Amino acid sequence: MIYLNNAATSWPKPQCVIDTLVRYAQGMPDGQMRSSLETEEENIMEACRRSLSRLLGVKRWDRIFFTSGATESANLFLRGMDWTDCRIYVAQTEHNCFLRPLWNLPGLRERTGILPCDRKGYVKMSALSELPSGKGAVIISHCSNVTGAVQPMGEIADIVKKKGYLLAVDVSQSAGCMPVEGDAWKADILIFTGHKSLMGPQGTGGIYIREGLPVRPLKYGGTGRESGKLLYAPGEYDYEPGTQNLPGIAALRAGADYVYEFGVEKISRKERENMAYLQDGLKEIPGIHLFGPENTEPRGPILSFGMDGLTPADISYILKDSYGIIVREGLQCAPLIHECIGSGKEGTVRVSISCATGREEIDALTGAVREIGGALTHAD
């Protein structure tokens, strides 16, 4: 089986991640301040925050809070802020982790505007520049999970801050495979998931919240601290109630350390070279339509394509059942971008690689697509 769906969940995981999960599953559980047992791992959450801060480009590691992933993080931010007299602008490239809360939480849809993108998946800077000055937030993904387009976050941040808005950045597709510079971008919010290029397990992720930002907690409950205290004072926040996913957090730390030691720049360079190789191979095949950036433009390890005569679902099915190749088809949980890139209501076939992907796997994909296209031609 050839796995080319790393934008959904990266695979295979580094052995250190697997070993950490096994060790925590087999070992005596950490009490998380709820037991007389003291283990050498009692600061694993702090250690993971420190490891993540290096990859997120933020000095305040203590402002990173763990969640189950990007969806919970987005809900924490959107539900936790007071949006009275505010406007929220969300990029057309965005994932449903932001779009669905904005469309469904009371009062948010009416105050939400869309920042359009171009046919390659880049946000139109002219639209951003034309925003009125005001109060609210701009929400944008660093890297599109459909086209792989990497937004010019430095330029975007300058405009957003001059307009007076908060900046919330989804780095789920970029953290771990390209530089993320939260502090340099003056980001107020960073949301991320652990199971993609950070190489952690599913069900891990988190949110960075700038100090002083009044985000109310999404949940209240046990913390293991001050158990007699029931009422929190105004502005007193605790974002991690309940027993945390410590095995997952420990494994996420192992994944983050693996990425850091491997080298983000090295990972990014390898993936860019492999994406260029993939794109060059696919564009030579008759009937193939590529969506997104050119090889010379900023892009992540993601490529979308379509084929004359077959739906994305057809192509994905044939690749899996006839060639043992796993990709992703459809709207990729980002429904608004497809109108701009011209992929239609059925979306695209998405190929996404990781630092573990080899040229032989890419050759297998391009060879399979060429055969599928050839079979269509002969059938005609």
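Biologist: What makes S5 and S6 a pair in the parallel sense?

Modeller: Strand S5 (residues 136–141) and S6 share 5 bridges in the parallel sense, and two strands count as paired once DSSP finds at least two bridges, so these two qualify. Bear in mind that this is a predicted model. Within the pair, Ile-140 has Val-169 of S6 as its bridge partner. The chain gets from S5 to S6 by way of helix H6 (residues 153–163), in a right-handed β-α-β crossover.

Biologist: And what is the sense of the pairing between S6 and strand S7?

Modeller: Parallel again, with 3 bridges joining S6 to S7 (residues 189–193). There, Ala-168 is opposite Ile-189.

Biologist: Why is S6 called largely enclosed?

Modeller: Buried means under 20% relative accessible area, and 5 of the 5 residues of S6 (residues 166–170) are buried, so the rest of the structure largely encloses this strand. Both faces are covered: Leu-166, Ala-168 and Asp-170 are buried on one side, Leu-167 and Val-169 on the other.

Biologist: What makes S10 and S13 partners?

Modeller: S10 (residues 302–307) and S13 (residues 348–352) are joined antiparallel by 4 bridges, with Ser-304 opposite Arg-350.

Definitions and conventions:
Residues are numbered from 1 along each chain as its sequence is written. This is a predicted model: local features need pLDDT of at least 70, side-chain atom pairs count only at pLDDT 80 or more; totals for chains, interfaces and linings use all residues. Side-chain values use heavy atoms; hydrogens and water are left out. Buried means under 20% relative accessible area, exposed over 50%, partly exposed in between (1.4 Å probe, protein chains only). A crossover is right-handed if, with the strands pointing away from the viewer, the path from the first strand over the helix to the second runs clockwise.
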